[in-house]
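Here are some notes to read alongside the structure.

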Amino acid sequence: MTEAYDRDDDRARLLEAALDHVAFDGWSETALRAAAEDTGIPLERALNAFPGGATELIAFHSETADRRMLEALELEPLADMKVREKAAKAIRLRLEANFRHREAIRTALTALMMPQNAALSARLLYKTVDAIWYAIGDRSTDFNFYTKRGLLAGVYTATLFFWLNDKSEGAAATWNFLDRRIAEVMKVPQMLGKLGQFTGRLPLPRSPFRRAFRTAARGH
């Protein structure tokens, strides 16, 4: 008989173990092999858990971070917060939960910034900002649905890059930066009509990323 196993559990365990190796080995099969050894999961089974290789492992990490962010957000007193405070809290929770793995995230961003990964980069970013807006109560279905997500994508991306290089105690400078960016977006109504201009300033490949992000949004 073949021993039954939980593939989802394998993926979760392998990801946690791989994060300790990614800073040195990158998001690679080498890191996944090391994770298999650390967890005692047979190598063949470990490779089968992520048949898409490094990019699938990166995607799983992002999706796991989204899920944990939403779980943490459920414990917050959102009813007492303004919309911009809710959005800022969601972003902060996601980043704080990944503080130990900043180098792994930096490495993932390097991979996602490659032209061939533009579609994946846009899809993962879209999933994150869409999850945030939905979690904090946005139920819009008109053009604002897309502009809100585009604007928050810009805020999140800029904050993420700032956070990766922040040396301040407790990342205090990042949270100040985040609050300023959120306030700017929320208080300037005309920005809602300038999605293309805003996303064009994202620190990611321009033309491929913008095309991929629009495709991700249409596929919502």
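Predicted model: local features only at pLDDT ≥ 70, side-chain atom pairs only at ≥ 80, totals over all residues.

1. Arginine 13 has a charged partner: its side chain forms a salt bridge with that of aspartate 9, at 3.9 Å from N to O. Both residues belong to helix α1 (residues 7–25), where they sit 4 residues apart, about one turn of the helix. Aspartate 9 is partly exposed too, with a relative accessible area of 36%.

2. Another of them joins lysine 127 and glutamate 63, at 3.1 Å from N to O. Lysine 127 is in helix α7 and glutamate 63 in helix α4, so this pair ties together parts that are 64 residues apart in sequence. Lysine 127 has a relative accessible area of 36% and glutamate 63 one of 32%, which makes each of them partly exposed.

3. A buried pair comes next. The side chains of aspartate 138 and arginine 149 meet in a salt bridge of 3.1 Å, N to O. Aspartate 138 is in the loop between α7 and α8, while arginine 149 is in helix α8, 11 residues apart. Both aspartate 138 and arginine 149 are buried. Through salt bridges with shared partners, Asp130, Asp138, Lys148 and Arg149 are joined into one network.

4. The largest nonpolar core has 31 residues, and Ile91, Leu152 and Trp163 have the most contacts inside it. Helices α4 (54–73), α5 (83–96), α6 (102–112), α7 (118–135), α8 (143–164) and α9 (172–187) each supply at least two of its residues. The largest share, 8 residues, comes from α8. Apart from this core lies another, of 24 residues, among them Phe50, Ala59, Phe60 and Leu124.

5. Which residues does isoleucine 91 touch, leaving aside its neighbours within four places in sequence? Isoleucine 91 is in contact with Ile132, Leu152, Val155, Tyr156, Thr159 and Leu178.

6. On the aromatic side, a search of the whole structure finds 3 pairs. One of them is stacked: phenylalanine 162 and phenylalanine 177, at 4.5 Å centre to centre with 15° between the planes. Phenylalanine 162 lies in helix α8 and phenylalanine 177 in helix α9, 15 residues apart. Phenylalanine 162 is partly exposed at 31% relative accessibility, whereas phenylalanine 177 is buried at 12%.

7. Phenylalanine 177 also has a charge over its face: arginine 181 lies there, at 4.7 Å from the ring centre. Elsewhere, the charged end of arginine 11 sits over the ring of phenylalanine 60, 4.5 Å from its centre. Phe60 is also one of the residues of the 24-residue core.

8. Last, a backbone detail to check. Alanine 171 has a phi near 55°, a positive value in a residue other than glycine. Most residues other than glycine have a negative phi. Alanine 171 lies in the loop between α8 and α9 and is buried, with a relative accessible area of 4%.

Definitions and conventions. Residues numbered from 1 in each chain as written. Heavy atoms only, no water. Core = buried A, V, L, I, M, F, W, Y, C linked by side-chain atoms within 4.5 Å. Buried < 20%, exposed > 50% of the residue type's maximum accessible area, 1.4 Å probe, protein only. Contact = heavy atoms within 4.5 Å. Salt bridge = Lys/Arg side-chain N within 4 Å of Asp/Glu carboxyl O. Phe/Tyr/Trp six-rings, centres within 6.5 Å; stacked < 30°, edge-to-face > 60°. Lys NZ or Arg CZ within 6 Å of the ring centre and 35° of its normal.
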